[in-house]
Amino acid sequence: MKFAITSKGDSRSNTLMHKMRSYLLDFELVYDEEEPDIVISVGGDGTLLYAFHRYSSRLDKTAFVGVHTGHLGFYADWVPEEIEKLVIAIAKTPYQIIEYPLLEVIIRYQHGGKETRYLALNESTVKGAEQTLVMDVEIRGQHFERFRGDGLCISTPSGSTAYNKALGGAILHPSLPAIQVAEMASINNRVFRTIGSPLILPAHHTCMLKPVNEADFQITIDHLPLLHKDVKSIQFRVADEKIRFARFRPFPFWKRVRDSFVSDKD
Ligand code: NAD
């Protein structure tokens, strides 16, 4: 089996990365940064987001596992004290694969510019480049509302505990192939009106945003912010691809939610 390790880059994560790498080589696994079967991310959720984007062109062939060197992460759920156990599990046991849905984002441009396609593991956010975001929101090809406000956040189920949660969105179990649209400070008065509630769309429904006047936007894909100019539309839907996590022990999603946000005491 071929493996790669990505580190957050701090000294604790780097030390752990070197230790795991040498243990796994002792077990005669092959280190291959280009075509790994398994990618071990050492750091936090941000490190796993980085690893996901690095290997997003081979999601059907690569599984991910996360070790955290800070606080418990959603994707990084192994602690440094467990790495010997984890190394033996990777080297010796056939692991279970858990698949989580991803978000597909397609940005189309005015004047016939080539469209761009992204995959997000957590979410994509759209904000005005310099002023209030004003966009028409279409759902499944039908006009839904004209949004005015700070922005919109479209998240995956596993990303629903990240930015989406801070916006008052619901937490979705990642076994649901769905996306969630959450508002950031919408303007609501007698003139302007938005739904005001987060929306959860199934896999066969598309959410499309169309500029009203201004066509330049600040669009994030997970941790990556990009300025897009002359945008014609931004389309969101559940991607055909999925992320695959290697599971070596049960760690149910709702337990992770409780441990992270309520209490880690039994
Ligand atoms: P960061 O280092 O600022 O991390 C933000 C925090 O989000 C970390 O504590 C991380 O553990 C947590 N996080 C990431 N993914 C999560 C998930 N799926 N469930 C629960 N918590 C999660 O930034 P980063 O490491 O570059 O991560 C980028 C992410 O930060 C974005 O995808 C976005 O979700 C999140 N973010 C959150 C807010 C907010 O909550 N107000 C604002 C901006 C970005």
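1. A cavity is a set of grid points where a 1.4 Å probe fits but cannot get out. By this rule, the predicted model has two cavities of 30 Å³ or more.

2. Start with the largest cavity. Its volume is about 60 Å³. Val137, Phe144, Glu145, Leu152, Val181, Glu183, Ile195, Ser197 and Leu199 line this space. Two elements, β10 (142-155) and β11 (178-186), each give two or more residues to that lining. β10 gives the most, with three. By type, the lining has six nonpolar residues, one polar and two charged.

3. The second largest cavity holds about 30 Å³ of space. Its lining consists of Asp77, Trp78, Ala246, Arg247, Phe248, Arg249 and Phe251. Here β5 (76-78) and β16 (231-247) are the elements that give two or more residues. Four lining residues are nonpolar and three are charged; none is polar.

4. Now the ligand. It is surrounded by 16 residues, and the closest are Asp45, Asn122, Glu123, Ser158 and Thr161. The shell splits into six nonpolar, seven polar and three charged residues.

5. Which domains supply the shell around the ligand? Domain 1 (2-95 + 248-262) and domain 2 (102-240) each provide at least three residues. Among the elements, α2 (45-54) and α4 (163-166) each supply at least two. α2 gives the most, with three residues.

6. Check the polar side-chain atoms next. One of Glu123 lies 2.5 Å from a ligand oxygen atom. One of Thr161 lies 2.6 Å from a ligand nitrogen atom. One of Asn122 lies 2.9 Å from a nitrogen atom of the ligand. On its own, the ligand has 790 Å² of accessible area, and the protein covers 60% of that.

Conventions. Residues numbered from 1 in each chain as written. Predicted model: local features only at pLDDT ≥ 70, side-chain atom pairs only at ≥ 80, totals over all residues. Heavy atoms only, no water. Near = heavy atom within 4 Å. Polar contact = N/O pair within 3.5 Å; in protein donor to acceptor, adjacent residues only side chain to side chain. Areas by Shrake-Rupley, 256 points an atom, 1.4 Å probe, with all protein chains shown as cover. Helix = DSSP H or I, 4+ residues; strand = E, 2+ residues; numbered from the N terminus. Nonpolar A, V, L, I, M, F, W, Y, C, P; charged D, E, K, R; others polar. Domains from an automatic or database assignment. 1 Å grid on protein atoms, 1.4 Å probe; cavity = no way out; pocket = protein on both sides within 12 Å on 5 of 7 lines; lining within 4 Å. Points joined across faces, edges and corners; volume = space filled by probe spheres on them.
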